[in-house]
Every structure is written in structure tokens, then in C-alpha cells.
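Please read the following note with the model open beside it. The points go from particular elements to the protein as a whole.

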Amino acid sequence: MERLRHDDPPRLGPYLTLARLDADSTDGGAVPERRYLARTADGERTVLLCAPLPDAAAPAAWAMEAELASRLSVPRFLRPTSQGSEAGLPWYAVPYTPVLPLPAALAAHGGPLPEDLVRRLGAALAAGLAAAHARGQAHAGMSPAAVLIGAAGPLLGCFGAVRSAAPWGPPGLDPGCLAPELRSGGRPEPLGDVFALGAVLAYAASGHTVPEQSELPPGLRRLLASCLARDPADRPSAPQVLHALSTTGPARTPAPAPAAAPATTVLDEQAPPPLPGRVVAALAAQSAELLASELPAAPPARPAPQKVH
């Protein structure tokens, strides 16, 4: 949680803003929208509240992308449950669960994430992209800050950031996540998402979206290089990335088998990845701080316009 700034709205729709989710931009931390932790005036509902940046060129396009995201039911995609507009500023909200943007998770951990966790996070995100691509829909907004890390696994926000900003260029989106065809004005396509996924996983494993090969774990170098190929035809599809991340991994010493090992189930395969202790502690601290937050005084409602006779 970060303190509100003077230019943050005190209220959007029925929600009073309590804190920012994101810290000021750092390497990998640029965010193409404003994100707040907010609560209704009666204290009954706490939400993650999102709005376009103050200098967004096309707030209406941002709102259209939020509407499209609310109609999608894609695993791992953040799905708005309510939206509206306040004084011309569009917003959308989702129910609050403790989450850290990926840059904050690296900061809490004290550096890049372990390779096994990077693989698990990547597989979960690739599965979501594969489901969206099967419906002919590109996410077009993946970056490190768009990935929200929680106890139930990663969620992917900032849907359609590239589309909503065209042709002005997406403000706040890490340039290392933009595929070459998008930087030259092309339309967002599924293989552009794969490029962005490669940059995000490179960031998770090294702290940079454009790292040196030597900064990456040897077991990820070949896959990430293929995701980051300049020619889209040389990139794997999201299902291929999912398969690669799910079937290979760093060398491990086999653990002794228990006397009576339970049978593996589908639920076992879908279990969220275990998070490092410092990341878990940061999630718990966010939740506790939010619970202890006092609601600010609600700004007075604007009077209804009077009819002139």
C-alpha cells in the first residue's frame, strides 16, 4: 500500500479511495492505469479500484476495454465486476484480495524470484493467454506491473492497455514488453502477448525486462529467447509456452517417496504456486494495514442540477 497523492480522486462511484496499490514507477514498475484500494462508505465492500492515468489520451477507449474485460471469463484475467464514471473519469472495480504487483513481489523477496516459481507463474499466465487466444482475443497489456501476485496464484490486469492507447502509444507500459510489430504501429495479436509474457518472465527471473542472457537461469534461456524473437513467426504459441513450462524444469534431487502417496488429482495440478515467505509476509501486512485503515470523510455529493423554468 502507498499513500494517496494530492491528485488522486478521494472518491470514484460508491468507493472511497484509501491507498494506492502501486509505488512510484521503478524498473519494471510502470503501470498504464491508476490502481487504488478502496471501500464503500458503509465499510461493507473493499475493492481494487482502477482508473485511467491523468494524462490518458482516450479515457473512453480505456472504459471500452474495461467493458470488454467484464464480459470475458478467462482464467487468470482480472474481471471487472462493476464500473462507472465520476466527473468524466471512468473506473472499474473488482473485489479485494491481497495482491502484490510483480515488481512489489520482487522488492519484498529482495530480488528475482526462484526459477521454479517463475515457471509456475509463467505456466498459469500462459494458460490464461491460451484460453483468450482460443477465443480470438489478445490481452494487449501484459507487463510486470500488470501481473498481480496473490496466495491463489497470479492474476493479469491492465487488459487492452495497448489498444486503448493507440495511436498515441501506451503510457506507463514498460517498453521492453512491446513486441517490435507493436512499436512500429501494428495491431495487437496473440503472438505479441507471447513476446510480452517472455519479457515478464525475464523480469521475474532477473529483475529486468531486457536482461543479458547471463542474468537468466540456464533452464529458461532458450524458451525466453524464442518468446522474445523479433519475428512473430519465430515465437511459440501460448499453448506451446505452457507445455514447455509444465514439462521441463531445473534439476532437482528427488525426495523420498512417502509410504502411501495419495493419487494425483486434477486439483493437485491446479494448485497455486507456493510463494516465498517474504512475499507472503508482505501480502499479510497489506491486508492488516487495509483492515486497520479508517475511512476518510466522504466528500459531499454534488447537488442534482436544478431545472430552469
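1. Helices (H or I, at least four residues) and strands (E, at least two) are DSSP runs, numbered from the N terminus. Axes are lines fitted to C-alpha atoms, for helices over the stretch in contact, and angles run from 0 to 180 degrees between N-to-C directions; contact means heavy atoms within 4.5 Å.

2. The model is a predicted one, in which local features need pLDDT of at least 70, side-chain atom pairs count only at pLDDT 80 or more, and totals for chains, interfaces and linings use all residues. Residues are numbered from 1 along each chain as its sequence is written, and side-chain values use heavy atoms, with hydrogens and water left out.

3. Two strands pair if DSSP finds at least two bridges between them. Strands β4 (residues 46-52) and β6 (residues 89-95) run antiparallel and are joined by four bridges; Cys50 stands opposite Tyr92 in β6.

4. A second open sheet has three strands in the order β7-β8-β9, again with antiparallel pairing. Here β7 (100-101) and β9 (153-156) are at the edges, each with a single partner strand, so one side of each is left without a neighbour in the sheet. Two bridges link β7 to β8 (residues 147-150): Pro101 is the bridge partner of Leu148, and Leu100 stands opposite Ile149. Four bridges link β8 to β9, and these two strands form a hairpin with two residues between them.

5. Buried means under 20% relative accessible area, exposed over 50%, and partly exposed in between (1.4 Å probe, protein chains only). In a regular strand the side chains alternate between the two faces of the sheet.

6. In α7 (218-227), the residues Leu220, Leu223, Leu224 and Cys227 are buried. They cover an arc of only 100 degrees around the axis, which puts them on the same side of α7; the arc is that of the directions from the helix axis to the C-beta atoms. Pro218 and Arg222, on the other side of α7, are exposed. The buried residues pack against α3 (115-134), α6 and α8 (238-247).

7. Thr209 lies in the loop between α6 (190-206) and α7, and is buried, with a relative accessible area of 6%. Its side chain makes a polar contact of 3.1 Å with that of Asp174. A polar contact is a pair of N or O atoms within 3.5 Å; within protein, one must be able to donate a hydrogen and the other to accept it, and residues adjacent in sequence count only if both atoms are side-chain atoms. Leaving aside neighbours within four places in sequence, the residues in contact with Thr209 include Pro144, Cys177 and Tyr203.

8. Overall, the protein has ten helices and nine strands. Of its 309 residues, 47% count as buried.
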